[in-house]
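Good morning, and thank you for coming.

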Amino acid sequence: MPSLKQLQATTSLRELAPLLDIKPGMLSYLLYKKPKLDLYKKFTIPKRHGGVREINAPEGDLKLLQYRLSLLLQKCIVEINAEHGHAEDDEHLGIAHGFKRYHSIMTNGRAHVTRRYVFNVDLHDFFGSMNFGRVRAFFLKNNNFKLHANVATVIAQIACHENKLPQGSPCSPVISNLIGHTMDIPLARLARDEGATYTRYADDLTFSTNNPSFSHKIAVQGCDQKWLPGESLQRIVTKSGFSFNAQKTRMQYRDSRQEVTGLTVNRKVNVPATYRYKVRSMVDKLFKTGEFEFIYKKLDTLGKEVAFNYQGKRKQLLGMLSYIDQVDRFNSKLCEKNGLEPHPTTGRTTLFRRFLYFDAFFAPVEPIIVCEGKTDNVYLRCAIKNLAAAYPKLVVAGTKPLLKVRFLKYAERRTSQITELTGGVGGVCNLLKHYHDDVRTKFKAPAPKHPVIVFIDNDSGADSIYGAIAGITKQPKPAGRASFIHVIANLYVVPTPLGPKNKKTAIEDFFDKTTLATKLSDKTFSRDNKMENLKHYGKAAFAINVIAKNANTVNFNKFAPLLDRMVAVIDDYAKRLKVPLN
């Protein structure tokens, strides 16, 4: 049965609980018995233009419950849209672009590109405007829901805190959009009748048009030339139970910079140039000194813009660079969709890659180990913990061993595209090349405190890596016999030890025969993932189901030479720190 039909069929807390995957007793306890002070953690965060935003973050059990309610309501929305013939991934679906899958500030801004006029208004205390009674009444009376009174009450009790939708709750966004939609419909109708376009992103309302003049029903100029909401706009917003934030009402003209939800829309949706230049400047300072100042502006008590600065954190730059890249990708996909040539963004992508390399490799907080694949990470992590007593430089021994080294996690698709750290021999060669170029030309900050240990199989595939090393160091091509190879700065390559008579080796060779012979569902282990079939299983299953699940009983003694090489690198780099690094 569809989720909406199931929700409409429930008549009590006891019947609602299974839809939220929670026991009725636990749901009742969270809503009626657990002390209210234990349900939320309150704190504030600074707003972009001054003041603070109050956040009420729900505690674990309540947060999970609200998350499940959000998922249930999202399923209902999908079913409602489907019933009206709308596809969920249509970016033009509806008017609201905030808190919705396949929608973003980019899709919101795109609706207002190349317009003569762009008018923005903000709603005051958007979430706070939706109190308990309003939330309950919506689910009780809305034509798409019309829930039983008891169920509407329970949903409002789950969602509300201190008689309002709290910022910080997983279900506040979806509920605010549902309630806000009752305002969106008449506003969209008003915009259509006046030859304008309307969209909403959370509490940010935008109207735009190419008409010779802007509709006085939507916006008017006061005696002081400031623009104000028009009479029709005011009437609809007020009737819908909202009010305006007067300080954020503005009209933007074609011959000036037009912004919608922080993005310029004069020619295309884009990050403002001033923002990009600011980010580039901070990244450049980081590369040169290892530090940077984060500068931001906000309004003082008199409404005057004042600049503040403090020592920045790398995660701030990561967020800002990711934001720029996200907008660039949006525009690139849009061009491809319309058969146009995307605007080149190679410089910004390169800057992002260099930052990721600096953050991960030039400024690690502890020695970092880079393996050719995810399975190698599992092997070495388990081996270090199993042999913890003998390797105090790698791990703190105890009931729960604590690693003193960090393993590079192969990231999600976009990050791996930018860094070209795709795993395997090719990924290692990319790391060596890019890091060498960056250290020589861009990274002038103080020497890294910890080494980067690139762990490779000493087999035929290593030949390409050894060739790359020779090209960088201008030394003879390594033969794979050394315990480690220092490449540049804090970058080392560690091959697996060769076998008898200099036989090529891979990391799986250091497991004992009993472990390698372990069967899974009558299948035997094959190192060649292409051999996975009814008779064999591959490296991923071996790493997870054989090694990780049995880490306490697997014999890791043959891994000692590999760990010895890690320790040797750490010791070697400590000595090099006392002399200038090449």
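**Aromatic pairs and other local features**

Phe362 and Phe443 are both buried. Please note that what we are looking at is a predicted model.

Let me stay with the aromatic residues. The structure contains 32 aromatic pairs. One of them joins Tyr275 and Tyr323, an edge-to-face pair whose centres are 5.5 Å apart and whose planes stand at 85°. Because Tyr275 belongs to helix α10 (residues 273–289) and Tyr323 to helix α11 (residues 314–337), this pair ties together parts that are 48 residues apart in sequence. Tyr275 itself is partly exposed, with a relative accessibility of 22%.

How is the pair of Phe362 and Phe443 arranged? The ring centres of Phe362 and Phe443 lie 5.3 Å apart and the planes are at 55°, so this pair is tilted. Phe362 is located in helix α12 (residues 346–362), and Phe443 in the loop between α15 (424–441) and β17 (452–456), so parts 81 residues apart in sequence are tied together. Elsewhere, ring pairs link a cluster made up of Tyr379, Phe510, Phe511, Phe525, Tyr537, Phe542, Phe556 and Phe559.

Thr515 sits in helix α17 (residues 513–516). Is Thr515 buried or exposed? Its relative accessibility is 8%, so Thr515 counts as buried. The side chain of Thr515 also makes a polar contact, at 2.7 Å, with the side chain of Asp512.

I turn now to helix α6, which spans residues 132–141. Which of its residues are buried? They are Arg134, Val135, Phe138 and Phe139. These residues lie on the same side of α6, because they cover an arc of only 125° around the axis. In general, an α-helix has 3.6 residues a turn, so residues three or four places apart point the same way. The elements covering the buried residues of α6 include α4 (60–83), α7 (149–159) and α8 (172–193). At the start of α6, a side-chain oxygen of Asn131 comes to within 3.3 Å of the backbone nitrogen of Gly133.

Next, two hairpins. Strand β4 (residues 197–201) pairs with strand β5 (residues 204–209) in the antiparallel sense, over 5 bridges. Thr199 has Thr206 in β5 as its bridge partner. Between β4 and β5 there are 2 residues, and Ala202 in the turn has a positive phi of about 60°.

The other hairpin is formed by β18 and β19, with 2 residues between the strands. Strand β18 covers residues 485–488 and strand β19 residues 491–495; their pairing is antiparallel, over 3 bridges. Ile488 stands opposite Leu491 in β19. In this hairpin, Ala489 takes a positive phi near 50°.

Finally, the cysteines. How many disulfides does a search of the whole structure find? The search finds 0. For Cys171, the nearest cysteine sulfur is that of Cys160, 8.2 Å away. Cys171 is buried, its relative accessible area being 0%.

Note on methods. Residues numbered from 1 in each chain as written. Predicted model: local features only at pLDDT ≥ 70, side-chain atom pairs only at ≥ 80, totals over all residues. Heavy atoms only, no water. Pairing = 2+ DSSP bridges. Helix = DSSP H or I, 4+ residues; strand = E, 2+ residues; numbered from the N terminus. Disulfide = S-S within 2.5 Å. Buried < 20%, exposed > 50% of the residue type's maximum accessible area, 1.4 Å probe, protein only. Polar contact = N/O pair within 3.5 Å; in protein donor to acceptor, adjacent residues only side chain to side chain. Arc of directions from axis to C-beta. Contact = heavy atoms within 4.5 Å. Phe/Tyr/Trp six-rings, centres within 6.5 Å; stacked < 30°, edge-to-face > 60°.
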